[in-house]
Amino acid sequence: MAAKHVVLFPFPGQGHLSAFMSLADLLHGILPDAAITLVSTPRNVAALRTTARSNSSFLVFHALPFTPADHGLPPDCESSDAVQPGAIAGLLVAFESLEAAFDDYLSAAVAGGHDVCVVSDPFTAWTVTAARRRGCAHAFFASCGAYGSAVVHSLWSHLPVRPDPATGRVHLPEYPEVVIHRSQLSKIASAPPAVAIRAAGFYGRQIPLGYETGAVLVNTVEEFEPTGLDMLRRTLKIPVWPIGPLVRATNLPVSPEADAAVVSFLDCHPPSSVLYISFGSQNSILAEHMAELALALESTGRPFVWVVRPPDGHNIKGEFRADQWLPDGFEERARTTNRGLLARGWAPQVRILAHASTGAFLSHCGWNSVLESVTHGVPIIGWPLAGEQFYNAKMLTEEWGVCVEVARGNMEDTVVNSAAVADVVETVMGQTAKAAEMRRRVREIKKAVEGSWNEGGGSSRKAMEDFLRAMNLR
């Protein structure tokens, strides 16, 4: 029997890379004798080598040559962290140029006598062409959820998106039962014509290739997203296997001092009393919205941990200036009363969500954050900002009732009122019937998710076994 070789090709966004690293760990645990290689560009490979855990020594990294300047990108632009959210189309298009080098890499791998299976990001659908040319199995791994993936796939298939002028409703031909509003469109889907045309060209090339893959893996659980999985299966008409939850054991990078400060703060507060706030690694809210959120936090008096980054429109990796972007004295009052902690840039999110004192998560509803929240039984206050986050929030609210949306987007016309925010916080964290029902429902999800990898009957375990057999990896 030929040796097995799994080649992973993520798109370089923080959430995508994190999920693919978790997938690598999962595959190694099931296929300890298989070679596993993660392919990307030089800067991404260097960064992943630095952050890879010591028990990931099995993972091999391969860098494909890539010069951002050749594509009109800044010299250090090899990941979505390095571009403005509205300019992501340029990086997507630039990555298509990697096909020839990737084809050469697969050719060498096959010549070495390996049975090769390529698992790529849907954003790198062009890998299908190289895989088919070299006789390799191919699958996609969707690091976001099934419902969000299905809605986004429909939107991308019909660019440019034109909402109904009167109602703002967006029609999804594949899913007439789904109601989407113009306020739930990503910046790409609602971009000006010049930008939308470039994005439409990219997706117009990639989506047809997507139907040529052999399977789709999704970082979700059958019992958690039955509706979304059914939508994907109806549309793609290829096997869709939910193998989640792939949840990070820890978060990087957090200094020991910052970690200790957060845990010490949480230890000082009663169970389910602390509101955790984070908008992810790539997005932020406007300065005026930060001020309204701060006013809401003070009016509730509830303890909080808030991961702060400079507002949208500023350098998100720069220094956070509380004196510029928050009400006068806000941080000092929070600190001296032990009511709040501002964590600059990063916080140990998994540890926070796992802590008994955490009672709710005010989140942008990125999929990693969603999974980390529900697997720890923490209800969500949704403030989606980009991409499929709007549809994650929609699914959590309408199908499960474990989320209340407090605001939508980070545009100038986004309405954020401190009194309304405070009211939602009290509804979710107070002694209300709504709060009790949300906690009950999120416990249901937690139980279902925990059982998905049970020996003998777990849905995700069975889905992974079916996938491995279909890809000739068993």
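A residue is called buried when its relative accessible area is under 20%, exposed when that area is over 50%, and partly exposed in between, using a 1.4 Å probe and protein chains only. The legends below describe a predicted model, in which local features need pLDDT of at least 70 and side-chain atom pairs count only at pLDDT 80 or more, while totals for chains, interfaces and linings use all residues. Residues are numbered from 1 along each chain as its sequence is written, and side-chain values use heavy atoms, with hydrogens and water left out.

**View 1. Trp-306 and Phe-330 form an edge-to-face aromatic pair.** The ring centres are 6.3 Å apart, with 80° between the planes; rings of Phe, Tyr and Trp (its six-membered ring) pair if their centres lie within 6.5 Å, and planes under 30 degrees apart count as stacked, over 60 as edge-to-face and the rest as tilted. The pair links distant parts of the chain, since Trp-306 belongs to strand E11 (residues 304–308) and Phe-330, 24 residues apart from it, to helix H12 (residues 330–336). Helices (H or I, at least four residues) and strands (E, at least two) are DSSP runs, numbered from the N terminus. Trp-306 is buried, with a relative accessible area of 2%, and Phe-330 is buried as well, at 1%.

**View 2. An open sheet of seven strands has parallel pairing.** The strand order is E3-E2-E1-E4-E5-E8-E9, where two strands pair if DSSP finds at least two bridges between them. Strand E3 (60–63) and strand E9 (240–242) are the edge strands, each pairing on one side only. Within the sheet, three bridges join strand E5 (residues 137–142) to strand E8 (residues 216–218), and Ala-142 stands opposite Val-218 in E8.

**View 3. The charged end of Arg-309 sits over the ring of Trp-346.** The distance to the ring centre is 5.1 Å; a charge sits over a ring if NZ of Lys or CZ of Arg is within 6 Å of the ring centre and within 35 degrees of the ring normal.

View 4. A disulfide is a pair of cysteine sulfur atoms within 2.5 Å. For Cys-117, the nearest cysteine sulfur is that of Cys-136, 8.6 Å away, and Cys-117 is buried with a relative accessible area of 0%. For Cys-365, the nearest cysteine sulfur is that of Cys-403, 4.6 Å away, and Cys-365 counts as buried at 0% relative accessibility.
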